[in-house]
Amino acid sequence: MTELPDVFTQAEILVQALPHMQRYDQEIIVIKYGGHAMGDPEAAQDFAQDVVLLEQAGVKPIVVHGGGPQIGRMLDKLGIKSEFANGLRITDKATVEVVEMVLAGSINKQIVGTISAEGGKAIGLCGKDANMVIARKVGRTTATDSNIEKHVDLGFVGEPERVNRAVLDAVLAAELTPVLAPVANGADGATYNVNADTFAGAIAGAMRAKRLLLLTDVPGVLDKDKKLMPELTVDQCRALIADGTITGGMIPKVETCIYALEQGVEGVVILDGKQPHACLLELLTDHGAGTLIRK
Ligand SMILES: Nc1ncnc2c1ncn2[C@@H]1O[C@H](COP(=O)(O)OP(=O)(O)O)[C@@H](O)[C@H]1O
Ligand SMILES: CC(=O)N[C@@H](CCC(=O)OP(=O)(O)O)C(=O)O
């Protein structure tokens with residue numbers, strides 16, 4: 001009996017979703033599932049149900065996941081300090097090993113397991129698999145600390161230099177849902193830690209995705225009074241970064257949106273992944289949820 005409300009909820013979602021889903025029939029939707037958006041097991045199951053419903057409705061979802069907080073907790077346990085510059089983790093050799101273990105090992109398999117348990121057909125990969133993504137080292141970045149500008153070498157932090165879309169095309173043609181961890185090889189053979197937003201943007205751009213959804217733990221981009229901004233242009237985003245309204249992890253997120261739009265992705269949305277069935281809610285309504293960023 002306790003199962004009944006869940007069954008009804010799922011059926012209701014399906015009934016509402018299907019007409020809207022026709023818009024996305026056979027279209028690629030890249031969903032970036034941030035570490036902060038991954039809540040409790042119930043929320044994870046909720047997310048997996050959305051992915052399965054999208055699969056069943058003929059949409060081609062590609063999941064790119066993060067795991068920043070989870071990496072932080074593991075580094076803590078191992079007594080390794082976490083340091084960031086402009087929202088990117090400064091990644092030395094010991095850190096990149098932990099990053100790969102947590103992202104490509106633990107989190108990737110957790111998400112694949114939950115989607116599979118919900119009846120989906122997920123396959124877990126990272127950028128290294130079949131050289132799907134080749135990364136290049138991110139150059140030095142300028143970070144401001146107590147009003148002093150410093151040049152910081154980020155270590156093994158990479159950005160996608162090349163995406164081999166044939167690998168993803170083959171996976172999608174086999175009707176499997178790729179679940180991607182943002183770790184990649186460089187041309188130098190080293191392992192690089194790629195920010196998950198940046199990775200998702202590169203995948204969405206290379207695949208000419210219809211939509212890129214960035215799921216995080218805030219309702220979208222917030223103004224100085226913490227109010228949601230439902231729509232922003234690229235120029236407005238740049239101004240909000242320059243005046244310090246957008247900071248930390250929101251910087252690579254918004255930069256990803258701008259990049260993806262420039263690559264021909266039709267719509268990019270930053271939304272609260274903790275909201276139950278966030279993906280379906282976004283795709284179901286014309287106005288959507290969160291912050292829609294357009295050119
Ligand atoms: N203007 C802003 N609007 C919303 N969030 C912001 C803003 N500026 C900074 N942030 C921060 O960005 C965070 C989201 O980025 P991040 O922590 O990297 O999330 P995720 O792990 O989901 O990728 C928010 O939790 C918030 O603390
Ligand atoms: C270079 C860099 O910062 N990489 C990120 C990769 C994980 C990530 O991006 O996770 P979220 O999406 O949960 O923030 C990190 O090490 O935390």
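1. In this predicted model, the axes of helix α2 (residues 41-56) and helix α4 (residues 93-117) cross at roughly 60° and come within 8 Å. The crossing in which α2 passes α4 is right-handed.

2. On the α2 side, the contact is formed by Ala44, Gln45, Phe47, Ala48, Val51 and Val52, which meet Ile111, Thr114 and Ile115 of α4. By residue class, this contact of α2 with α4 comprises seven nonpolar and two polar residues, with no charged ones.

3. The largest nonpolar core contains 43 residues, and Val30, Leu180, Ile203 and Leu212 have the most contacts inside it. Helix α8 (residues 250-262) gives the most to this core, supplying seven residues. Apart from this core lies another, of 39 residues, with Leu53, Val98, Ala181 and Leu215 among them.

4. Leaving aside residues up to four places away in sequence, Leu212 touches Val30, Ala200, Gly201, Ala204, Thr256, Ala260, Val265, Gly267, Val268 and Val269. One of these partners, Val30, is also listed with Leu212 among the residues with the most contacts inside the largest core.

5. Glu282 belongs to helix α9 (residues 278-284). Is Glu282 buried or exposed? Its relative accessible area is 3%, so Glu282 counts as buried, the cut-off being under 20%.

6. The side chain of Glu282 is joined to that of Arg211 by a polar contact of 2.6 Å. With residues up to four places away in sequence again not counted, Glu282 touches Arg211, Leu213, Val269, Leu271, Gly288 and Ala289. Val269 is also one of the residues touched by Leu212.

Note on methods. Residues are numbered from 1 along each chain as its sequence is written. Chains are lettered from A and ligands numbered from 1 in the order in which they are written. This is a predicted model: local features need pLDDT of at least 70, side-chain atom pairs count only at pLDDT 80 or more; totals for chains, interfaces and linings use all residues. Side-chain values use heavy atoms; hydrogens and water are left out. A nonpolar core is a set of buried Ala, Val, Leu, Ile, Met, Phe, Trp, Tyr and Cys residues joined through side-chain atoms within 4.5 Å. Buried means under 20% relative accessible area, exposed over 50%, partly exposed in between (1.4 Å probe, protein chains only). Helices (H or I, at least four residues) and strands (E, at least two) are DSSP runs, numbered from the N terminus. Contact means heavy atoms within 4.5 Å. A polar contact is a pair of N or O atoms within 3.5 Å; within protein, one must be able to donate a hydrogen and the other to accept it, and residues adjacent in sequence count only if both atoms are side-chain atoms. Axes are lines fitted to C-alpha atoms, for helices over the stretch in contact, and angles run from 0 to 180 degrees between N-to-C directions. A crossing is left-handed if the near helix is turned anticlockwise from the far one by less than a right angle, and right-handed if clockwise. Ala, Val, Leu, Ile, Met, Phe, Trp, Tyr, Cys and Pro count as nonpolar, Asp, Glu, Lys and Arg as charged, and the others, Gly among them, as polar.
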